[in-house]
Amino acid sequence: MPKVKSEPSPAPDELHSSKRQRRSRELWTPEEDAILTRERGAGKMFKEIAELLPRHDYVACKNHYFNSIQKKSGEWSTEEEATLATALAECETLRRDYWKAVAKFLPGRTWQVVEKKADEQMAKEKR
């Protein structure tokens, strides 16, 4: 079998500055960023948001949100961290109450077991 001559692989710097990466950053307008941020803040899924942004599919929306928009948020202040801890503690209480209410339909099952089974079922459905 004759050997096929391969081209040299690109240098690492060339890989990180590909046309596609540069182009994808340039494609997002400030208005699209605002829509993406607003809709994600409202709890919408990336597939729903992509329907509002016809130039981008849901994968592009997700990548842009996590790789560009969230990185712009900056460092967390001490007050924000304290507020987050308070919010997590409060929501944990609400979460327990929710699962306790669901567990009432399943005598003999604790709320923790019911929550775990529900998580397993949702994971199965996503596959």
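Which residue forms a salt bridge with arginine 55, and how far apart are the closest N and O atoms? I looked this up before anything else. The model I am reading is predicted.

**Entry: arginine 55**

I found that the partner is glutamate 32. The closest N and O atoms of the two are 3.0 Å apart. Next I asked where each one sits. Arginine 55 is in the loop between helix 4 (46–52) and helix 5 (58–69), and glutamate 32 is in helix 3, so the pair ties together parts that are 23 residues apart in sequence. I also checked the cover on glutamate 32. Its relative accessibility is 9%, and under 20% means buried, so glutamate 32 counts as buried.

**Entry: the salt bridge count**

I searched the whole structure for salt bridges and noted 6. A reminder to myself: side chains of opposite charge can pair when their charged atoms come close.

**Entry: arginine 95 and its partners**

I turned to helix 6, which covers residues 78–103. Glutamate 92 forms a salt bridge with arginine 95 there, with the closest N and O atoms 3.4 Å apart. The two are 3 residues apart in the helix, so about one helical turn separates them. Are they buried or exposed? I found that glutamate 92 is partly exposed, at 27% relative accessible area. Arginine 95 is partly exposed too, at 38%.

Arginine 95 also forms a salt bridge with glutamate 115. I read 1.9 Å between the closest N and O atoms of that pair. This pair links distant parts of the chain, since glutamate 115 is in helix 7 and arginine 95 in helix 6, 20 residues apart. Glutamate 115 is buried, with a relative accessible area of 9%. I then followed the shared partners. Salt bridges join Glu92, Arg95, Arg96 and Glu115 into one network.

**Entry: glutamate 39**

I went back to helix 3, residues 30–41, and picked out glutamate 39. Is glutamate 39 buried or exposed? I found it buried, with a relative accessible area of 10%. What does it touch, leaving aside neighbours within four places in sequence? I listed Lys44, Ile49 and Leu52 as its contacts.

**Entry: a charged patch**

My last stop was the surface. Which residues gather in a patch of positive charge? I noted Arg109, Lys117, Lys124 and Arg127. I looked at arginine 127 in more detail. Arginine 127 is in the segment after helix 7 (111–126). Its relative accessible area is 78%, and exposed means over 50%, so arginine 127 is exposed.

How values were computed: Residues are numbered from 1 along each chain as its sequence is written. This is a predicted model: local features need pLDDT of at least 70, side-chain atom pairs count only at pLDDT 80 or more; totals for chains, interfaces and linings use all residues. Side-chain values use heavy atoms; hydrogens and water are left out. Patches are made of residues with over 30% relative accessible area and no salt bridge: like charges are joined within 9 Å, nonpolar side chains (Val, Leu, Ile, Met, Phe, Trp, Tyr) within 5 Å. Accessible areas come from the Shrake-Rupley method with a 1.4 Å probe; for residues, only the protein chains shown count as cover. A salt bridge is a side-chain nitrogen of Lys or Arg within 4 Å of a carboxyl oxygen of Asp or Glu. Lys and Arg count as positive and Asp and Glu as negative; His and the chain ends are not counted. The place of a charge is taken as NZ of Lys, CZ of Arg, CG of Asp or CD of Glu. Helices (H or I, at least four residues) and strands (E, at least two) are DSSP runs, numbered from the N terminus. Buried means under 20% relative accessible area, exposed over 50%, partly exposed in between (1.4 Å probe, protein chains only). Contact means heavy atoms within 4.5 Å.
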